[in-house]
Amino acid sequence: MKIQNLLLGFALVLTMASCSKKSTDAPPTKPGDTTATTPPVIPSYSITENFEQGKKTTYAAADVTLLTGSWNFNDALIGNTAPDVKNGLASVRLRAGDIAMNFDISGVNTLYIKHAKYGTDPVSVWQLLMSSDGGKTYTQVGADINENNTTLVTDSFKVSLTGKVRFEIKRTGTTTNNRVNIDDITFKGKGDPGIVVGTPDNGGDDGGGSPTAPASTPRDVTAGTDAPPSTGDNSDLLFGNPSNAQSSTVSMDNYLIDQKYYTESYNATKGEPNWVSWHLDATNITGASDRLNNFAAWASLPANWYMVNDNSYSGSGFDRGHNCPSADRTSSANANSATFLMTNMIPQAPQNNQQTWANLENYLREQVVLGNEVYIIMGSYGTGGTGSNGSATTINNGHVNVPSNVWKVAVIIPIGDNDLGRVTSSTRVIAVNTPNINSINSDWTKYIVTVKDIELATGYTLLSNLPTNVRTALEIKLDAGTPGS
């Protein structure tokens with residue numbers, strides 16, 4: 001019997017266009033030299049704290065580790081109840097205190113904050129404050145915000161300082177019955193923000209860590225009692241093996257790997273998966289484990305195959321883009337750890353990974369919240385993408401292919417049993433195929449295609465375990481999507 005109570009938590013959107021350091025000094029000119037010099041372009045960034053990663057269930061003052069770093073919560077918590085107004089499953093619920101960053105960020109020029117009043121509470125007032133001395137003193141940014149909104153609205157705040165700053169959001173007054181919900185604080189600026197964001201799944205990434213950091217020790221997967229069954233309902237390959245991958249080293253470019261919490265076809269020549277398949281329901285995203293960020297090579301990679309390490313993407317301008325997302329596997333440390341193996345990664349354009357793809361992943365997790373279960377297959381194909389450093393065909397000295405396209409197929413059915421037998425020609429199937437570029441639209445519904453389109457592009461046979469008449473009907477369905485997801 002599958003779980004009916006959906007008490008869930010998952011990470012939402014993180015965006016970070018670039019965090020690379022570049023010199024702003026123009027080269028000196030020789031006397032009499034009239035050649036025009038083009039100043040270097042300073043990269044922009046956009047980083048969103050969505051309050052989906054951390055946990056804080058009481059109002060008592062404490063530090064909380066979130067997506068962007070450590071924050072101090074004083075008379076505030078992370079709320080996920082029905083009266084909490086939120087984008088996703090959680091938002092800050094601020095009573096009569098404040099939330100403040102325990103870290104600095106550089107280059108910010110604009111701050112965007114989503115906010116609303118909690119439930120049916122009375123109107124209240126809050127302020128945004130900023131510190132340029134490491135939190136010793138604060139000054140107000142912008143005007144007071146009168147909180148009378150019943151749905152999330154966004155206010156923007158201009159920042160004039162160019163150095164390191166940190167921010168605080170503070171409720172005015174001491175009454176405790178007019179609470180405020182705060183969500184999705186977005187920092188926009190230029191240059192290096194000076195922070196490493198531990199994201200989303202595959203809601204974003206830090207681009208492979210420091211170029212000088214040594215590789216982590218390769219790791220294997222340890223399966224716990226929360227690992228899905230190998231066959232039958234909830235198994236990874238219930239709907240089929242798209243490329244007929246084999247667990248033989250002879251099949252090195254279509255090598256079947258059971259990673260206990262997902263199954264994949266690995267391509268040793270390209271240094272990445274061809275596709276990854278898994279099942280998603282409420283038991284997978286209970287939030288028992290935080291995001292671990294423990295990227296590592298897979299220790300059981302066959303001998304003589306090139307091993308992609310956790311630092312292999314460093315400086316490439318591409319994210320370590322999860323196929324099976326971290327936020328789809330939070331039921332245990334074993335489950336979450338499995339998603340951070342480099343055999344689960346592709347070089348993904350940051351905006352593709354952190355915006356478009358994160359939005360799609362969040363949408364599918366929302367379907368679980370609504371009482372469904374989802375069978376998902378994600379893959380990539382082609383060569384040549386565009387990251388934050390420009391276009392590339394490979395990274396890591398040619399050992400890792402940069403795919404041209406990233407795709408996903410998701411079969412959505414209500415919670416129940418006999419999953420294959422319950423799929424009909426009217427079952428909802430979402431197929432998405434995105435270009436692996438940094439200028440991509442954040443709305444994944446712009447890239448909806450049919451299952452047949454993906455089959456023609458990849459040569460795979462998807463949903464092959466369904467009856468022929470059902471599969472044929474689902475192959476050509478074009479999902480309506482959800483505008484603005």
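The legends below describe close-up views of a predicted model. Local features are given where pLDDT is at least 70 and side-chain atom pairs only at pLDDT 80 or more, while totals for chains, interfaces and linings use all residues. Residues are numbered from 1 along each chain as its sequence is written, and side-chain values use heavy atoms, with hydrogens and water left out.

View 1. Asp328 lies in the loop between strand S14 (319–322) and helix H1 (333–338), where helices (H or I, at least four residues) and strands (E, at least two) are DSSP runs numbered from the N terminus. Asp328 counts as buried because its relative accessibility is 2%; buried means under 20% relative accessible area, exposed over 50% and partly exposed in between, with a 1.4 Å probe and protein chains only. Its side chain makes polar contacts with the side chains of Trp278, at 3.0 Å, and Arg365, at 2.6 Å. A polar contact is a pair of N or O atoms within 3.5 Å; within protein, one must be able to donate a hydrogen and the other to accept it, and residues adjacent in sequence count only if both atoms are side-chain atoms. Leaving aside residues up to four places away in sequence, Asp328 touches Trp278, Leu280, Asn284, Ile285, Arg365 and Ile376, contact being heavy atoms within 4.5 Å.

**View 2. Strand S14 beside strand S15.** S14 and strand S15 (residues 345–348) run antiparallel and are joined by four bridges; two strands pair if DSSP finds at least two bridges between them. Gly321 stands opposite Ile346 in S15. Asp319 and Gly321 point one way from S14, Arg320 and His322 point the other way, and all are buried.

**View 3. The seven-stranded open sheet.** The strands follow the order S11-S12-S13-S16-S21-S22-S23, with antiparallel pairing. Strand S11 (255–258) and strand S23 (448–449) stand at the edges with a single partner strand each, so one side of each has no neighbour in the sheet. Strand S16 (residues 372–381) and strand S21 (residues 405–414) run antiparallel and are joined by 10 bridges, and the bridge partner of Glu373 in S21 is Ile413.

**View 4. Helix H4 against helix H5.** Helix H4 (residues 451–458) and helix H5 (residues 468–475) pack at an angle of about 90°, with their axes 7 Å apart; axes are lines fitted to C-alpha atoms, for helices over the stretch in contact, and angles run from 0 to 180 degrees between N-to-C directions. Val451, Lys452 and Glu455 in H4 meet Arg471, Leu474 and Glu475 in H5.
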